[in-house]
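Subject: Structure for you to look over

Dear colleague,

I am passing on a structure that you have not worked with before, and I would be glad if you could read the notes below with it open beside you. They go through what was found, region by region.

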Amino acid sequence: MARIVVTEFVSLDGVMEEPRWTFDFDRGKEGDQFKYEELFDAESLLLGRTTYQGFAAAWPNMGGDDFGQRMNNIHKYVVSSTLSDSDASWGPTTLKKQPGGTLLVEGSAQLVHALVQHGLVDEYRLMVFPVILGQGKRAFPDSMPVPAKLTITDSRTVGSGVLLLNLTPAES
């Protein structure tokens with residue numbers, strides 16, 4: 001069975017929408033390595049339609065290094081009720097659910113909210129930036145059927161105060 005890992009750039013108040021604001025921060029070599037390793041350790045990406053279309057418009061122009069090439073060539077699973085097969089043209093893309101290794105979920109707020117509410121996330125990898133944005137889409141849903149208790153498995157501060165945080169669902 002595939003492992004679902006959610007990775008997000010989030011502000012201190014939980015905003016993950018349009019993370020261009022993260023460019024104001026230095027995440028340092030350790031932060032870059034964190035993102036590099038999680039991408040290269042993943043078998044596939046699991047994305048919502050909006051994130052997929054945003055990435056598909058941007059990443060083909062950023063394939064000059066290993067990271068960009070991996071983003072363009074990694075298999076992508078897209079969860080969408082409106083995207084057609086002909087619209088899913090960014091590298092290897094599947095609109096169907098299949099078993100596999102680690103599925104890395106980037107962005108995709110609506111998808112993340114559904115996965116969290118149904119207890120389907122195996123790990124969270126967050127880069128928490130020391131800024132309060134006040135508005136925008138939140139990384140986590142506003143309501144939960146029951147509280148989702150988590151265990152911090154790793155944490156460290158890198159660059160200009162960016163917190164790398166790994167969490168897994170707590171044992172019941």
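Tyr-124 counts as buried, because its relative accessibility is 5%, and buried here means under 20%. Please keep in mind throughout that this is a predicted model. Tyr-124 belongs to strand 6, which covers residues 123-129. Leaving out residues up to four places away in sequence, Tyr-124 touches Val-6, Val-116, Phe-140, Leu-150, Leu-165, Asn-166 and Leu-167. As for Thr-51, which is 73 residues from Tyr-124 along the chain, the C-alpha atoms of the two are separated by 18 Å.

Arg-125 also lies in strand 6. Is Arg-125 buried or exposed? With a relative accessibility of 13%, Arg-125 counts as buried, since the cut-off for that word is under 20%. The side chain of Arg-125 is joined to that of Glu-123 by a polar contact of 3.2 Å. Beyond residues up to four places away in sequence, Arg-125 touches a list of residues that includes Arg-3, Val-5, Val-6, Thr-7, Glu-8, Phe-34 and Glu-38, and also Leu-104, Leu-165 and Asn-166.

**Thr-7 in strand 1**

One of the residues that Arg-125 touches, Thr-7, is found in strand 1, which runs over residues 3-11. Thr-7 is buried as well, because its relative accessibility is 2%. Which side chain does the side chain of Thr-7 meet in a polar contact? The partner is the side chain of Glu-38, at 2.8 Å. The contacts of Thr-7, again without residues up to four places away in sequence, are with Lys-35, Glu-38, Leu-104, Val-105, Glu-106, Gly-107 and Arg-125.

**Helix 1 against helix 3**

Helix 1 (residues 28-41) packs with helix 3 (residues 66-73) at an angle of about 35°, and their axes are 10 Å apart. The crossing of these two helices is left-handed. On the side of helix 1, the residues that meet helix 3 are Lys-35, Tyr-36, Leu-39 and Phe-40, while helix 3 brings Asp-66, Phe-67, Arg-70 and Met-71.

If neighbours within four places in sequence are left aside, Arg-70 is in contact with Leu-39, Phe-40, Ala-42 and Glu-43.

**Aromatic residues**

How many aromatic pairs does a search of the whole structure find? The search finds 8 aromatic pairs. Among them is a tilted pair formed by Tyr-52 and Trp-90, with 5.8 Å from centre to centre and 50° between the planes. This pair links distant parts of the chain, since Tyr-52 is in helix 2 (residues 49-58) and Trp-90 is in the loop between strand 3 (75-79) and strand 4 (93-94), 38 residues apart. Both Tyr-52 and Trp-90 are buried. Lys-76 lies over the face of Trp-90, at 4.3 Å from the ring centre. Elsewhere, Phe-9, Trp-21, Phe-25 and Phe-129 form one aromatic cluster.

**Two backbone angles to look at**

Most residues other than glycine have a negative phi. Against that background, please look at two residues. Glu-18, in the loop between strand 1 and helix 1, has a positive phi, near 35°, and is not a glycine. Glu-18 counts as partly exposed because its relative accessibility is 46%. Ser-108 likewise is not a glycine and has a positive phi, of about 55°. Ser-108 lies in the loop between strand 5 (102-106) and helix 4 (109-117), and its relative accessible area of 6% is the reason why Ser-108 is called buried.

Definitions and conventions: Residues are numbered from 1 along each chain as its sequence is written. This is a predicted model: local features need pLDDT of at least 70, side-chain atom pairs count only at pLDDT 80 or more; totals for chains, interfaces and linings use all residues. Side-chain values use heavy atoms; hydrogens and water are left out. Helices (H or I, at least four residues) and strands (E, at least two) are DSSP runs, numbered from the N terminus. Buried means under 20% relative accessible area, exposed over 50%, partly exposed in between (1.4 Å probe, protein chains only). A polar contact is a pair of N or O atoms within 3.5 Å; within protein, one must be able to donate a hydrogen and the other to accept it, and residues adjacent in sequence count only if both atoms are side-chain atoms. Contact means heavy atoms within 4.5 Å. Rings of Phe, Tyr and Trp (its six-membered ring) pair if their centres lie within 6.5 Å; planes under 30 degrees apart count as stacked, over 60 as edge-to-face and the rest as tilted. A charge sits over a ring if NZ of Lys or CZ of Arg is within 6 Å of the ring centre and within 35 degrees of the ring normal. Axes are lines fitted to C-alpha atoms, for helices over the stretch in contact, and angles run from 0 to 180 degrees between N-to-C directions. A crossing is left-handed if the near helix is turned anticlockwise from the far one by less than a right angle, and right-handed if clockwise.
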